[in-house]
Amino acid sequence: MKSNLGFTLIEVLVSIFLLSMMAFSIIKITDQSTTTKIETIKEDNDFLRIYSALYTIQWDVNHFYTPLFQQSKLQINKLAPNINSTEEERQNFSEFERNMSAQFRNNKRFSGLSDNGNLIPRIQKESHHTLTFLSNGYRRKNLNEKKSQFAWITYTLEEPSADDIEAMKEKEQKEDVKAGKNLVRYIDASNPFSSESPSKDDLFPQVIMEKVLNIHWSFWDRKKKSFTSIENYSDDHQPITTFKIKIEYLDLYDQEQSIEKILPTNFSERTVAQKLNLEQKLSNQQQINPNTEPNTTNPPSPSGGNE
């Protein structure tokens with residue numbers, strides 16, 4: 001008679017084979033899930049470094065400062081003595097005019113005064129990838145720190161140091177890395193109203209993005225009605241209401257990518273247009289009534305903000 005007390009050798013081998021296949025499938029699925037999780041985290045970190053850099057730039061541009069959003073540039077010729085002035089008054093004005101011209105001719109940070117007597121900061125641009133401007137959004141890190149809410153912000157590209165490259169090799173776990181350049185941010189809040197810029201050696205460099213190939217700054221030119229390279233900006237232009245930045249960089253897989261972002265300042269284009277229209281009306285009234293005393297008071301400040 002046939003015994004039913006146990007499994008045959010064939011049955012045991014088949015069972016072991018099936019269990020092995022099931023275990024192999026489970027291990028493979030788990031390994032794939034782990035690999036996918038690791039790759040997803042790496043990609044998320046890659047996106048995070050990009051958008052963290054853009055957020056920092058957006059914060060600084062949102063606090064871009066110039067008094068010309070609400071005031072006009074001081075026209076010294078409007079202060080000139082009239083025909084009834086004495087010779088002493090004319091000499092005093094000539095001396096004042098020479099002093100003003102000499103004070104701002106070689107001033108690297110400020111181009112002149114507004115009609116309220118506020119300094120007008122320059123936009124310093126060494127190239128299309130290096131930009132320096134005055135911001136009123138600085139926040140002191142330490143209590144009673146002798147620093148102003150005004151700070152000069154500089155963005156530039158610099159070659160990575162040997163330590164940066166070693167850290168990149170360890171992070172990416174490979175010897176041959178494409179380092180690109182570092183997008184570096186400098187802050188000078190110690191004496192923002194000084195006429196001279198400090199050396200970069202005296203400032204702390206903050207690397208906000210690595211593996212950058214190039215960066216392009218441009219501004220909205222209201223006359224051309226298009227974005228123009230920041231290198232074409234001059235003190236004769238109206239205050240900038242909108243910047244645009246284009247960053248070319250290497251992604252996680254060392255593929256060249258680029259991203260563009262439009263960065264509005266505190267004041268909208270419409271706000272500045274209203275101010276210019278008001279100035280034009282006042283100028284026309286002055287031309288119609290040349291004997292009237294010029295209005296030295298400032299027009300009411302329109303409400304700012306991004307639209």
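Guide: At 2% relative accessibility, Asp60 counts as buried, where buried means under 20% relative accessible area, exposed over 50%, and partly exposed in between, with a 1.4 Å probe and protein chains only. This is a predicted model, in which local features need pLDDT of at least 70 and side-chain atom pairs count only at pLDDT 80 or more, while totals for chains, interfaces and linings use all residues. Residues are numbered from 1 along each chain as its sequence is written, and side-chain values use heavy atoms, with hydrogens and water left out.

Visitor: With which residue does the side chain of Asp60 meet in a salt bridge?

Guide: A salt bridge is a side-chain nitrogen of Lys or Arg within 4 Å of a carboxyl oxygen of Asp or Glu. Here the side chain of Asp60 meets that of Arg185, at 2.8 Å from N to O. Arg185 lies in strand β6 (residues 181-188) and Asp60 in helix α1, so the pair ties together parts that are 125 residues apart in sequence. Helices (H or I, at least four residues) and strands (E, at least two) are DSSP runs, numbered from the N terminus. Arg185 also counts as buried, at 10% relative accessibility.

Visitor: How many salt bridges does a search of the whole structure find?

Guide: The search finds 8. One of them joins Lys169 to Glu166, with the closest N and O atoms 3.8 Å apart; these residues are 3 apart in helix α3, and therefore separated by about one helical turn. Glu166 is partly exposed, with a relative accessible area of 46%. In another, the side chains of Glu248 and Lys246 meet at 4.0 Å, N to O; Glu248 is partly exposed at 25%, and Lys246 is partly exposed at 29%.

Visitor: Where is Phe133 placed, and which residues does Phe133 touch?

Guide: Contact means heavy atoms within 4.5 Å. Phe133 is in strand β4 and is buried, with a relative accessible area of 0%. Leaving aside residues up to four places away in sequence, Phe133 touches Asp60, Val61, Phe64, Ala151, Trp152, Ile153 and Tyr155. The C-alpha atoms of Phe133 and Ala151 are separated by 8.4 Å, although the two residues are 18 apart along the chain.

Visitor: In what sense do strands β3 and β4 pair?

Guide: Two strands pair if DSSP finds at least two bridges between them. Strand β3 (residues 124-127) and strand β4 (residues 130-135) pair in the antiparallel sense, over 3 bridges, and a hairpin of 2 residues joins β3 to β4. The bridge partner of Lys125 in β4 is Leu131.

Visitor: Is Ser218 buried or exposed?

Guide: Ser218, found in strand β7 (residues 206-221), counts as buried because its relative accessibility is 11%. Among the residues that Ser218 touches, not counting those up to four places away in sequence, are Phe227, Ile230 and Phe243.
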